[in-house]
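Me: Could you walk me through how part of this fold packs together? I'll ask follow-ups as we go.

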Amino acid sequence: MSFVNWKTTYAAVWRAHTHQLRPISRLDPVRLTSLLGVERQKQALLSNTQHFLQGQPSNHTLLWGSRGTGKSSLIKALLNELAPQGLRIVQVDKEDLLWLPEILDLLEAEPYRFIIFCDDMSFEEGEVGYKPLKSILEGGLELPPEHVRIYATSNRRHLLPEHMSDNQQTQVVDGEIHYADAVEDKMALSDRFGLWLSFYPASWDTYFTMVDQLFGDVNTDRSALHQAARLFAMGRASHSGRTAKQFYQHYLATLQDS
């Protein structure tokens, strides 16, 4: 397995086919100040991570909600903000979660604080890749490492598919809800994340503010720009931060072609 110089490397990605951590040399430069419309989520995640870096109680975190709303960008920006304080990130694809015990062995003696980052994490019926994750989130016979936290993003709150049939065995006993075993199993994974942060689509005003921020001092008619941004978003059925960035790239390309 490869050696990573964590003194000069802020992030790495696990490559299962080579059983190695590959250092990431080109990090997304996104900053916390550039993320709009997610102030509550930003502050909660920043506070939790600062507590983690200081050795205070902190939680594994699930960022869930609508696509393109800044979940992944928030974690990238967090690294840019806190790497000088000792934060490091290891990205692990959901298909490679079975390798988590080996990855943690590699990090065991390191003096830094690590976030295991799993982006767009969700599981289908029959998948078992989340089993090692459940153990690490709360520990088995061996306590989970104190210098590692799991941060995951997902479009699903409960990470596993939910079907109406799962609720057919749910009962109310003495005024209390007793969930069916299938429901309990699906809720058990997300329940192991101590901090849940929900993300929702931005308002049009917030979307236009995102567009204005991306264009900065570009000399253009803002009213016409907003109208073009609205039409672009309507064509994608989404007016999120991701859409604003895609519109920015599209608009600049259009200017260059004209």
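**Helix packing and a loop serine**

Reply: Helices here are DSSP runs of H or I with at least four residues, numbered from the N terminus. This is a predicted model, in which local features need pLDDT of at least 70 and side-chain atom pairs count only at pLDDT 80 or more, while totals for chains, interfaces and linings use all residues. Residues are numbered from 1 along each chain as its sequence is written, and side-chain values use heavy atoms, with hydrogens and water left out.

Me: Which residues of helix 2 are buried?

Reply: They are Lys71, Ser72, Leu74, Ile75, Ala77, Leu78, Leu79, Asn80 and Leu82.

Me: And at what angle do the axes of helix 1 and helix 2 cross?

Reply: The axes of helix 1 (residues 39-53) and helix 2 (residues 71-82), which are lines fitted to C-alpha atoms over the stretch in contact, with angles from 0 to 180 degrees between N-to-C directions, cross at roughly 45 degrees and come within 11 Å.

Me: Which residues of helix 1 meet helix 2?

Reply: Gln41, Lys42, Leu45, Leu46, Thr49, Gln50 and Leu53 meet Leu74, Ile75, Leu78 and Leu82 of helix 2, contact being heavy atoms within 4.5 Å.

Me: Switching topic, where is Ser238?

Reply: Ser238 lies in the loop between helix 7 (222-236) and helix 8 (241-257).

Me: Is Ser238 buried or exposed?

Reply: Ser238 is buried, with a relative accessible area of 13%, and Ser238 touches Arg67, Ala233 and Thr243, not counting residues up to four places away in sequence.

How values were computed:
Helix = DSSP H or I, 4+ residues; strand = E, 2+ residues; numbered from the N terminus. Buried < 20%, exposed > 50% of the residue type's maximum accessible area, 1.4 Å probe, protein only.
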